[in-house]
Amino acid sequence: MALVFWFSATVFRRGRALRKRGVRIAAKCVRRDRDSKGISNLTMQFTAEDGRELHVKVGPFRSPPALVGGIIDVVYDPDDLSNAEIPDNVLTGRVSLPTAVLSGLVLALAVFVLFFGD
């Protein structure tokens, strides 16, 4: 349960950062990694607002939005350059926030029962 809470909270926090201060920019796909199940992650290259050239991974995708050499938009967090995603995958928080709250409550209940239960 702690893992579910941590994952949900992380997804919510990263998505919120992209929604609040994310910068949308065109990026070039420079690499595609595909696993044995056909799920792909893309490495995107772009120049950040401060002039740094960045390589970030986005995904996972069943059907990637670009092939190597293709250009698509990404949204990145200028305060955390590792936090980047394609605009369609920037989560609204409608799923991750309730999941984080619910799993946090269940985790708290489990700890309470563990220490104070009969």
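Residues are numbered from 1 along each chain as its sequence is written. In this predicted model, local features need pLDDT of at least 70 and side-chain atom pairs count only at pLDDT 80 or more, while totals for chains, interfaces and linings use all residues; side-chain values use heavy atoms, without hydrogens and water.

Colleague: What is the order of the five strands in the open sheet?
Modeller: Strands are DSSP runs of E with at least two residues, numbered from the N terminus. Two of them pair if DSSP finds at least two bridges between them. The pairing here is antiparallel, and the order is β3-β2-β1-β4-β5.

Colleague: Which are the edge strands?
Modeller: An edge strand of this sheet pairs on one side only. That holds for β3 (53–61) and β5 (80–85).

Colleague: Over how many bridges do β2 and β3 pair?
Modeller: Strand β2 covers residues 40–47. T43 stands opposite K57 in β3. The two strands pair in the antiparallel sense, and the number of bridges is seven.

Colleague: Which residue in β5 is the bridge partner of V75?
Modeller: Strand β4 (residues 71–77) pairs with β5 over three bridges. A hairpin of two residues joins β4 to β5. The bridge partner of V75 is E85.

Colleague: Is L109 buried or exposed?
Modeller: L109 is found in helix α2 (residues 96–116), a helix being a DSSP run of H or I with at least four residues. Buried means under 20% relative accessible area, exposed over 50%, and partly exposed in between (1.4 Å probe, protein chains only). At 53% relative accessibility, L109 therefore counts as exposed.
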